[in-house]
Amino acid sequence: MINSAGSNSMMASSSSTSGNNAQSPGLKTHFKTPEGRYKLHYDKTYPTGYTQYGQTQSQAKTFTQATLAHLKDKPMQAQSQSSFVGSSGVRSAAARLLGGGNGTKSLSFVGANGGSKSVSGMSTRIGSLGASSTNHYVGNSNFDGKGNYLVFNFGEDIFICDLNSRDKDPIKSLHFSSNPPVCHAFDPEAKDSHDLLIGLASGDVYLVSLRLQLQEIGKKLVGAQHYNKDGSVNSTRCTTIAWVPNSDGTFVVGHADGSFYVYDKSKDSSSDPSFPAIKDQTQFSVSHARNSKNPVARWHILQGSINSIAFSTDGAYIATVGRDGYLRVFDYRNEQLVCGGKGYYGALLCCAWSMDGKYILTGGEDDLVQVWSMEERKVVAWGEGHNSWVSGVSFDSYWSTPNSDGTGENIVYRFGSVGQDTQLLLWDLEMDEIVVPMRRPSGGSPTFSTGSQSAHWDTACPMGTLHPAPSMRDVPKLSPLVAHHVHTEPLSGLIFTHESVLTICREGHIKVWTRPGSGESSTSNSGSLLSTSLKEKQSISSKAVSSSFKQ
């Protein structure tokens, strides 16, 4: 999922129904890769006839983000609910964890709950195989709700769709009057019912139970915890929000003033605004709360907006990108800058980690995708292929080289990017085959066959150093494997799942593309596939992250 709310604008309209039409003329319903065709399976969007409410000029500068969520069986204990996710990037951990519960095979997934309901005149289906019904479903605390859901924002609303259903329309909407939602995140390890975070343009943050919202009728939040109420701590807009992996309920919220705040949901939700004034807006600083209230800490990163935040899979490191065009990587637990550097032009808008913690992707206003190495602490490749700003990047942690058992020494990484040029690009990164540019002889031309390596590759960058952008001639260039126009409007993010890739348009439309070989017949082992995929990804991550870079 992408978080760069301060850098792009959504074209607000009084009403729109175009997203509910068939595939736009001129756009193909498939694209080819070496391993086969990706096919458009179905799409999701806001309800037909949906009308946006009035927004101020600043509030209108929001665009759609998407989060995937998987709800497991409701626990037997009263009011005790467990939750589990899948997501992007993003923003990002959710897509990697969702595994086999997505795409075409998920039509028979355990999320088929059957029931239906009507909310605010909208026929609502719950579960993959739920049939339409004219019966009204009234809030029911025994409602199970297990299954796969897609959460996205558009205008002043949060919409929740049944991911396993072909229905375009959402099954639930939550309305935020004159205060549009900007970002959201679902907790992969929530030990209580509160698992969904929602950040607003006002700076307010809500923490709710997704299952409880699905239980209740109406468009108002139910049982919400409210943080930074009325901007009591920070009155600038939320730009990005993320759960800290393996933290048992800690999350961070980025703001347009260049700071992010750390919250602990086990503590009082009332805010403590008693942080010291920031003396130098251009310098990194960390301040801790003086009492046990939230937020527990403030990290000031840069002068200007934080556009995206991404945690490594183990939660040890946090990457940020912002208005000043720098990637910064921090040791989250020790609150120290590890490394970072500048893009080639303008702001950086998005970032994402590889599952093994070895590489970070960034994209932004220079129309490029950059690959950063945690081992080298520098840019190791850059990709050219977009014709406009890159608004979303993500590693495809489910892809593997055809006919590969995954044990080879030379690992190939597949990743994707989307941009305001409406394109989805897929890339392959194979470090052992990248040709490292050589140092140019004085007065001579660049050479790739003789001489010593470019100075950019001589040594790993020192810890805690931010570097200017290297010369493009000193860094290997990547070309996209696939370039495909997937929407008619600019894109804001993408999410990889076990059997599909989701592309998100900033105008509130999401398309689901099934991978080659993903059949449309139902399978009986979808649940076990999800569990197996998750265990495999966690095993790979735990083995690789601890030794991914030099101290």
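The side chains of Asn148 and Asn164 form a polar contact at 3.2 Å, a polar contact being a pair of N or O atoms within 3.5 Å in which, within protein, one atom must be able to donate a hydrogen and the other to accept it, residues adjacent in sequence counting only if both atoms are side-chain atoms. Asn148 lies in strand β7, residues 147-154, and counts as buried because its relative accessibility is 1%; buried means under 20% relative accessible area, exposed over 50% and partly exposed in between, with a 1.4 Å probe and protein chains only. Strands (E, at least two residues) are DSSP runs numbered from the N terminus.

The model is predicted, so that local features need pLDDT of at least 70 and side-chain atom pairs count only at pLDDT 80 or more, while totals for chains, interfaces and linings use all residues. Residues are numbered from 1 along each chain as its sequence is written, and side-chain values use heavy atoms, with hydrogens and water left out.

**Strand pairing**

- An open sheet is formed by four strands in the order β27-β28-β29-β32, with antiparallel pairing, where two strands pair if DSSP finds at least two bridges between them.
- Its edge strands, each pairing on one side only, are β27 (390-395) and β32 (482-485), and from one strand to the next the twist averages 20 degrees, with axes taken as lines fitted to C-alpha atoms and angles running from 0 to 180 degrees between N-to-C directions.
- Within this part of the structure, six bridges join β28 (residues 413-419) to β29 (residues 423-429) in the antiparallel sense, and Ser417 stands opposite Leu425 in β29.
- Strand β18 (residues 297-300) pairs antiparallel with β16 (residues 259-264) over four bridges, and also antiparallel with β17 (residues 285-288), again over four bridges.
- His300 in β18 has Ser259 opposite it, and Ser285 likewise stands opposite His300.
- From β18, Ala297 and Trp299 point one way whereas Arg298 and His300 point the other way, and all are buried.

**Nonpolar core**

- The largest nonpolar core has 19 residues, of which Tyr317, Ala319, Leu327, Val329, Trp353, Ile360 and Met374 touch the most other members; such a core is a set of buried Ala, Val, Leu, Ile, Met, Phe, Trp, Tyr and Cys residues joined through side-chain atoms within 4.5 Å.
- Two or more residues of this core come from each of β20 (317-322), β21 (326-331), β22 (336-342), β23 (348-353), β25 (368-373) and β26 (378-384).
- Leaving out residues up to four places away in sequence, Ala319 touches residues including Ile309, Leu327, Val329, Cys351, Trp353 and Ile360, contact meaning heavy atoms within 4.5 Å.

**Cysteines**

- The structure holds zero disulfides, a disulfide being a pair of cysteine sulfur atoms within 2.5 Å.
- Cys183 is in no disulfide, the nearest cysteine sulfur being that of Cys238 at 5.2 Å, and Cys183 counts as buried because its relative accessible area is 0%.
- For Cys350, also in no disulfide, the nearest cysteine sulfur is that of Cys351, 7.3 Å away, and Cys350 is buried at 0% relative accessibility.

**Thr236**

- Thr236 sits in the loop between β13 (225-227) and β14 (238-243), and it is partly exposed because its relative accessible area is 24%.
- The side chain of Thr236 makes a polar contact with that of Asn234 at 2.5 Å.
- Apart from neighbours within four places in sequence, Thr236 is in contact with Ala201, Ser202, Gly203, His255, Ala256 and Asp257.
- The C-alpha atoms of Thr236 and Gly258 are separated by 9.6 Å, the two residues being 22 residues apart along the chain.
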